[in-house]
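Subject: Model for your files

Hello,

Please find the structure below. My notes on the sheet and the helices against it follow.

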Amino acid sequence: MQLEAYLERDDRIALPLGSTEQHAYLSLATDVILAERVAVEAAEPLGVPVLPPLAFGVAPYFAAFPGSLTLAEETYTQVLRELIASLQGQGFRRILLVNGHGGNSESASAVLSDGVALHDWWRAPRTMAAVRELDPDASHASWMENFPWTRLPGVELPAGHKAAGPPASDDPAEVRRKLGDGCYGGDYERPDEDVLRVWAIGVEETREALVSLSAS
């Protein structure tokens, strides 16, 4: 009933996209947590509703890590098509897919159309520039995903820096062998002052993506 009333004045909605997969010493739900939280914080001042996140994505390369789940690219695209069609059938005309996982991007791009946009929050221009300024090697499962809300209680992170080196392989066993703990490279952790500054920029850029929907 609340959404029905909302649709009388606005037709925007956000759908966070995540992935349940290994993140070294961080939560398996890191991409889910971050996509949802950045969408919620960005949307709140605008009054735009945020749906529960789609918690599973495209991550076949992590299949050798227990707890990492994947959907086939064509399955993922079809799921998004059906979810978007559901929303459009109810009157939502402007839909922002707030994505937290790189493996989802190509499949999600296949469903874009007038009123449906994709925002990869962590690699939006100003957010990624802030990350690179602090650590050019930062990548998957490094400090750039190590926020207070993705950390696991009682888990101690290694000190120092891991050399950058995402595995150039589609074989899950080889990916795990090359990655070891699962981090792609960069500092394992940085002061919260750094990570929260990056987060604030990510929220701002996500909000700008929601605002830009109103101009489409």
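**Helices on the sheet**

Helix α7 (residues 192-213) lies across β1, β2 and β3 and runs at about 160° to β2. Helix α3 (residues 73-89) also lies across β1, β2 and β3, at about 160° to β1. Contact means heavy atoms within 4.5 Å. Axes are lines fitted to C-alpha atoms, for helices over the stretch in contact, and angles run from 0 to 180 degrees between N-to-C directions. Helices (H or I, at least four residues) and strands (E, at least two) are DSSP runs, numbered from the N terminus.

This is a predicted model, in which local features need pLDDT of at least 70 and side-chain atom pairs count only at pLDDT 80 or more, while totals for chains, interfaces and linings use all residues. Residues are numbered from 1 along each chain as its sequence is written, and side-chain values use heavy atoms, with hydrogens and water left out.

The 3 strands form an open sheet in the order β1-β2-β3, with parallel pairing. β1 and β3 (116-120) are the edge strands, each pairing on one side only. On average, neighbouring strands are turned by 20° against each other, direction ignored. Two strands pair if DSSP finds at least two bridges between them; β1 and β2 (residues 94-99) are joined by 6. Ala-14 has Leu-96 as its bridge partner in β2, and Leu-17 stands opposite Asn-99.

In β1 (residues 12-17), 6 of 6 residues are buried (under 20% relative accessible area, 1.4 Å probe, protein chains only). Arg-12, Ala-14 and Pro-16 cover one side, and Ile-13, Leu-15 and Leu-17 the other.

Regards

Note on methods. Buried < 20%, exposed > 50% of the residue type's maximum accessible area, 1.4 Å probe, protein only.
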